[in-house]
Structure formats: C-alpha cells, structure tokens
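Subject: Structure handover

Hello,

Please find the structure below, with the sequence alongside.

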There are 2 protein chains.
Amino acid sequence: VNISFFTEFSFIDFIKKNAPTLEGTEIVGIGDDCAVLPYNNTHQLIVTTDSLVENVHFLKNKVSAFDIGYKSIAVNLSDIAAMGGNPLAIFLSLSYPANLKKQWLEEFMQGVFSLNIPLMGGDTTSSESDIFISVTALGTIKKGKAKLRSMGKNGDILCTTGYLGASGLGLEKLLENKKSIFINDHLRPRAHLEEGHFLARFKDVHAMMDISDGLASDLKHICRQSNLSASIDIDKLPIPKGMRGKKSPISYALESGEDYCLLLSMSSHSFKKISSSFEKKFGRPLYPIGTLLEGKGEIEYFKDNNKQDIQFYGYEHFKK
Amino acid sequence: VNISFFTEFSFIDFIKKNAPTLEGTEIVGIGDDCAVLPYNNTHQLIVTTDSLVENVHFLKNKVSAFDIGYKSIAVNLSDIAAMGGNPLAIFLSLSYPANLKKQWLEEFMQGVFSLNIPLMGGDTTSSESDIFISVTALGTIKKGKAKLRSMGKNGDILCTTGYLGASGLGLEKLLENKKSIFINDHLRPRAHLEEGHFLARFKDVHAMMDISDGLASDLKHICRQSNLSASIDIDKLPIPKGMRGKKSPISYALESGEDYCLLLSMSSHSFKKISSSFEKKFGRPLYPIGTLLEGKGEIEYFKDNNKQDIQFYGYEHFKK
C-alpha cells in the first residue's frame, strides 16, 4: 500500500479521516505495506494493492513486456515480505488499448506467471491509449506477528536486508540506452519474502517495511508512525561497488527507490545475534545504517560523526 | 471477475491455460464472478476485481465524481452478491492526471464511502491523462454455499431478481443530454446483496451471476460452464414501463447490460415456493425468463412459442 500525493492537499489524510473501516484488535488499515484482516484461528490475512502505469512507471519501448509483468507482481510481493508474510494469491487488473499486440500481452502474462504465485482472478478492459496494471496480492501471517511501520522503538538499530541504489542507477542507464549490470536490478527486483518471513519470527525485530520510494522517503513513514526520529550514518549505507552515474552513489541509495529490499528496526542488543543468524541463512549480513531516536519524525544524516546540512528526497516517478 | 476480450485471440483462455493456480476442493479461480478461497472453519473468502476506465466506462463531463466513485464500488459488490456472499472490505487503486481537481477527488471518494464498506487499503498514482479506477472487493460466504456459474442443471428455470434494460436506456439518454428517470438506473446501480444472500440459502437455487454485460452475453457463461443450452421467452423479460429510446425495449434488456440484478437458475419444482418466499421478503417476485436445456451452449429466443431468427449480442463499452 503506497498512497502518494499528486495534488497539493493531503489526499490520504482525507481518505483516512472519512473512510469507513473495519475496527478491531489486530486489524490494520490504510498506511502500512499491507492491510491486516482476520483470517482463521492461527493466521491473519494481509492484502496489498500496487499499480504500474505506462509512461509513469514504465516506458513500453524501454522495458520488455515480460519484465513489466514480472515487476507488477514483484512489487506487490515485496509488500507481503515487508509484513513478514507468505503470499497466497494474486488478482490482476489490466487495461490496454485495442491496438496492443497479442505477443505483448502473452509475454506480459509470462512475466506475471514467472513468480509462480496463484493468479486467481482479475479484470481486463480496454483503455484509450496507456496500459494500466493494478495487482492485489493476498497473503497470510501468523496471528499477531505482522511487523508494522508503527512498531519502531527508541534506540532501535535501523538496518536493511540488501544493497541500496542499484535500481536507481539501472533506471538511469536504461533511459540513456547504455549497458550496465545495474539495469537488471531495476527490471527484476526480488521481493525479500524469505528474509521478511525469517525476520518476522524475532520478537526483537520491531518495525519493518519495503524500500520502494527510496530510504529517505520510506524511513519517514517508520519515524512518523512510531513517533520517533532517526539518524542515518551515510558511510554505512550498503552501496554496491562500481556505481557510476550522474548522481553520487549516496544520492541513488537515499533517493532513487525501487530497491525492494527491507528496512527494519530492532533492539540494539539483539542486532549481533539476529544479523549473524541472518547471515548463516542468507549468506550476507544485515546492514546497519542508523538508529531510531526520540523526536518528532526528523531524519538527520551523519558522515564521520558530523551532521550533514542536506535534505534528501524520495523517488519521483519517471516523467517524460 | 469479468475478463473480456479486446483482441481477436482468446486472452482469457491463454491465461487460464498457463496461470499458476491454487488447487483444492471448494477453490474457484478465474471465470466466475468471484474467486473462492479458503478462509476459516465456517466460511470461505470470495474476491473480485473490477475496473472503470475514463472514456471507456465513463465520461467525466457526463457523470459526477460522486457517481463514478459510487459505481466503482457497486459493480464489485454486485459480484459478491452473485456468489451469495457478504462484503468484508474493499481496496481501491486510483490513477489520475496531475491536473485533476481536489474537489473531483473528494467527491469521488465520498461516492466510494457512501456504500459504507470498509476501505482498508489501496494505491494512488499519477497517470498521463485518463483516470483509471480498479477496485478489489473481499467478502465471505458460508462454506460450500457459493453459487457458481457452473451449477446450472438441465430443466432449471432461469430468472432474474430485477428489471432489465433500464440502465442501457439511461446511458443513451445521458449521452443525448436528455432527462429521463432511467438515468439514475445507469448511474446508481444497486448491488443485489440481500437478494443474493437470501437466495444462496436455497439448495434448489443452482447457478447464479450478476448481469453486467447484458443477459444475452452473461447467460452464455452459465450455459457454457454448466454444459447446457438455454431458451429465453422474450415476452417474459421483465422490462420497466415507459421505456422509449432508439432501440426496442427487448434490445436494451438483452444487450445493454449494467443492470446489476442477478440471473439465476433453480429447480422448476421449487420456483413457486422460492419466488413466493422472495416476494414476501423483497416485495417483488422473481422474474422467470426461460429454461436451461440439454445442449452445447446455444441460446434460443422464443416469442409466442415461435423461435426467433435473431442473434443478440452483449454490451459493448461506450466508445467515443
């Protein structure tokens, strides 16, 4: 669930204030990666919706139909991962112009199928010109085990389950028609489902979300919903080697988004144990990048222990 | 779930053949009004997705934002009604151009909220020009009680829970800028949730679906999925009084669609009892319109017991 604002007023605040909602303990509505709803005696249902729009999220002449199909599912699975859940089924809504080729549609669907999540329904309609893709993913999580953005605690270590910035540089190279090993990071993001599922078992893992809009933007959600501030150590950002583009590697890491690894907070005293256990399972450690602190939602950036007088912004969708 | 074909090849057949699906008794995937999934000890989860696209399903200068919001939810609730289920929550995906007015968005959301179904999540993104709305509705139904399109039986009476054709005439009048009492039928379709829920209790009610594309088109689904043919008695079609437009009232009733009442089949020996019980509750009878017969999916139309040599087609979305 990623409600952005495309007008000056805060559309999501209006929706949150006025929408009829389900009430109850353990129910989560708008504002987290997934909604959490009742399911059965042992599990809760988690639900997320994410859209991809032609000329906003992708350019048809730059990205293959297969990759678009793949990504439309992967970004939803990433929201399931962010709760620590397991995917159950997907539903696909697809609108496309009448002149779209059969081959494009088949390759798109092969991309959708390639993640091997049951496709249980959907809707296809025509559109005037652009392709609209909306996917709803259902998943399950053990009762009370969902990791919410609001669960961060004062003093928590912030860490990620993967590198940052590769997708943003890959997009830049793609748009410049250049070759780069980072393009694949942009086209084929991997939802960190196993990582999320693994981390959800630890009581000392608190807040968790996926990095879709860029760390600088996404971390604000954890801060605001946990009523905390954060400090980030720029030198510790896990940035892949060999990143060379128009911007600094740090800028890609903080602002570009679409990395789709997980951002989480955990008790500092448990970091060593959990990271070592994580590394045993996944062959790489968790990357500590900062700390949650008392405060009112501010994020401060440090380099060599010096506060940086800069402001980073989140991902802006591609604009023609 | 209403997968249509907008290219010459059968896109849905390709999807059905290749999609990974959940397997199991009582699980229903693509091809019915809702998917049916496991839920808890007593109930199953039903899920449907339906989209509305600007300039395909609605014209922004002809229909109010409130009405579009209302309808985007109502058409999904109609799919829940068609299974005999109860709505649980909705998820809204909305893409719109940056220049869309705040007032339009607020009125649209008021229309969404007006049906009083919990809105538990969604996604808003920008689009280049057109508004794209996709809604996923979740509901529940008692285990094994979902009424499927495939459940029709040879000899069943076909009937509807409401009038046919009003919405189609209303759309015509709307596009002609004329006043008509039928315009409201087009703008504010009522999902027959209570009717569906009531009818689902009867074992002798077999197949059920909602009428969205027009009886002539929708009935084909019941015939094909039940491996039966059907005969329709044109004189018995429940057509509102006072319908005057460019086409014959029968043509609106069979072809126009968007009536969103229910089409169902039931054992002929139970019709009198169930219809009388239905009338006691809802103040109007069920309208018998024909019969399911042995055959290979053909629909034959009769008038005064004479077979009509005509072919009716389903609804085509508005084209500029």
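The model is predicted, so please read everything here as a description of a prediction.

**The two chains**

**The sheets**

In chain A, seven strands make an open sheet with mixed pairing, and their order is E8-E10-E7-E11-E9-E12-E13. Which strands stand at the edges of this sheet? They are E8 (205–210) and E13 (306–307) of chain A. Each has a single partner strand, so one side of each has no neighbour in the sheet.

Further in, strand E7 (residues 157–160) of chain A runs antiparallel to strand E10 (residues 262–266) of chain A, and four bridges join them. As a place to look, Ile157(A) is opposite Met266(A) of E10(A).

Chain B has an open sheet of seven strands in the order E8-E10-E7-E11-E9-E12-E13, with mixed pairing. E8(B) pairs with strand E10 (residues 262–266) of chain B over four bridges, in the antiparallel sense. Within that pair, Met208(B) has Leu264(B) of E10(B) as its bridge partner.

Two packed helices are described by the angle between their axes and the distance between the axes.

*H2 and H6.* Helix H2 (residues 65–83) of chain B and helix H6 (residues 193–200) of chain B have axes that come within 7 Å and cross at roughly 15°. Angles under 35 degrees count as roughly parallel, and H2(B) and H6(B) are therefore roughly parallel to each other. The crossing of H2(B) past H6(B) is left-handed. On the H2(B) side the contact uses Leu77(B), Ile80(B), Ala81(B) and Met83(B), and on the H6(B) side Leu193(B), Gly196(B) and Ala200(B). Sorted by class, this contact of H2(B) with H6(B) holds six nonpolar residues, one polar residue and no charged ones.

*H2 and H3.* The axes of H2(B) and helix H3 (residues 102–113) of chain B come within 6 Å and cross at roughly 40°. H2(B) and H3(B) are therefore oblique to each other, and their crossing is right-handed. From H2(B), the residues that meet H3(B) are Ala65(B), Phe66(B), Ile68(B), Gly69(B), Tyr70(B), Ser72(B) and Ile73(B). Their counterparts in H3(B) are Trp104(B), Glu107(B), Phe108(B), Gln110(B), Gly111(B) and Val112(B). How many residues of each class does the contact of H2(B) with H3(B) have? There are eight nonpolar, four polar and one charged.

*H6 and H9.* The axes of H6(B) and helix H9 (residues 271–282) of chain B come within 11 Å, and they cross at roughly 145°. H6(B) passes H9(B) in a right-handed crossing. H6(B) contributes Glu194(B), Glu195(B), Phe198(B) and Leu199(B), while H9(B) contributes Ile274(B), Ser277(B), Phe278(B), Lys281(B) and Phe282(B). The contact of H6(B) with H9(B) has five nonpolar, one polar and three charged residues.

Regards

Technical notes
Residues are numbered from 1 along each chain as its sequence is written. Chains are lettered from A and ligands numbered from 1 in the order in which they are written. This is a predicted model: local features need pLDDT of at least 70, side-chain atom pairs count only at pLDDT 80 or more; totals for chains, interfaces and linings use all residues. Side-chain values use heavy atoms; hydrogens and water are left out. Two strands pair if DSSP finds at least two bridges between them. Helices (H or I, at least four residues) and strands (E, at least two) are DSSP runs, numbered from the N terminus. Axes are lines fitted to C-alpha atoms, for helices over the stretch in contact, and angles run from 0 to 180 degrees between N-to-C directions. Angles under 35 degrees count as roughly parallel, over 145 as roughly antiparallel, 65 to 115 as roughly perpendicular and the rest as oblique. A crossing is left-handed if the near helix is turned anticlockwise from the far one by less than a right angle, and right-handed if clockwise. Contact means heavy atoms within 4.5 Å. Ala, Val, Leu, Ile, Met, Phe, Trp, Tyr, Cys and Pro count as nonpolar, Asp, Glu, Lys and Arg as charged, and the others, Gly among them, as polar.
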